[in-house]
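This report looks at aromatic rings and at open space in one protein model. Please keep the sequence and the structure in view while reading.

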Amino acid sequence: MRISVVGTHGSGKTTLVEDFVAATPGYESVPEPYWLLAQQGVVFADGPEVAGLEEQLKQSCALLLATSETDVVFDRCPLDLIAYLEVVSAAEGFEWSPDGKLLKRIEDALATLDLVAFVPLRRPDEITATIEYPKLRARVDARLKTMLRDDDLGLLAGGPRVVEITGTREQRVRRLTEALAG
């Protein structure tokens with residue numbers, strides 16, 4: 001199965017990826033695009049900005065399209081980055097949307113996934129550490145909830161199945177494992 005774990009920053013998504021791969025023999029993980037680009041020497045602004053997010057979106061599409069493994073878990077996918085782009089661009093005073101070529105690439109990349117595991121924020125917050133950009137975090141989480149629950153962008157029809165994963169670390173791994181079986 002080709003899985004992507006999505007969620008706003010500080011939701012526990014990377015921890016879920018790591019825990020799932022540790023508990024599930026045969027699965028490999030692919031780090032989120034930000035870290036892969038940073039390892040390649042790409043320098044990002046000090047805070048979230050549209051140009052850096054667009055670069056991450058393109059990298060996410062490229063990773064999904066180039067990775068041939070069948071038992072793989074991606075930390076983020078284009079859906080996360082679209083949510084960030086929409087929220088950040090709105091804060092900058094404009095509406096971001098992909099051009100036709102990028103939209104086609106996003107659709108093709110998402111079609112390679114079997115499952116999108118969404119880790120939403122919960123109240124009370126399950127993450128106790130101090131999180132950078134808390135307002136951005138909340139807005140991206142709200143946008144992801146609409147995107148994934150309502151498919152308001154039309155990117156999920158005929159594409160990957162979406163499941164929401166909540167609970168303790170152990171419960172999240174168990175719920176993701178159950179989602180693969182179901």
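## Aromatic rings

Tyr 34, Trp 35 and Phe 44 are linked into a cluster by ring pairs, where rings of Phe, Tyr and Trp (its six-membered ring) pair if their centres lie within 6.5 Å, with planes under 30 degrees apart counted as stacked, over 60 as edge-to-face and the rest as tilted. The model is predicted, so local features need pLDDT of at least 70 and side-chain atom pairs count only at pLDDT 80 or more, while totals for chains, interfaces and linings use all residues. Residues are numbered from 1 along each chain as its sequence is written, and side-chain values use heavy atoms, with hydrogens and water left out.

The structure holds 3 aromatic pairs. Phe 20 and Tyr 27 have ring centres 5.1 Å apart and planes at 70°, so they form an edge-to-face pair. Tyr 34 and Trp 35 are also edge-to-face, because their planes stand at 90°, with the centres 4.9 Å apart.

Phe 20 and Tyr 27 are both buried (under 20% relative accessible area, with exposed over 50% and partly exposed in between, using a 1.4 Å probe and protein chains only). Tyr 34, with a relative accessible area of 28%, is partly exposed, whereas Trp 35 counts as exposed at 51%.

## The largest pocket

The largest pocket holds about 870 Å³ of space; a pocket is an open set of points on a 1 Å grid over the protein atoms alone, where a 1.4 Å probe fits, with protein on both sides within 12 Å along at least five of seven lines, and lining residues have an atom within 4 Å of a point. Among its 37 lining residues, those closest to the centre are His 9, Gly 10, Glu 32, Arg 76 and Tyr 84.

Technical notes:
Grid points are joined across faces, edges and corners, and a volume is the space filled by probe spheres set on the points.
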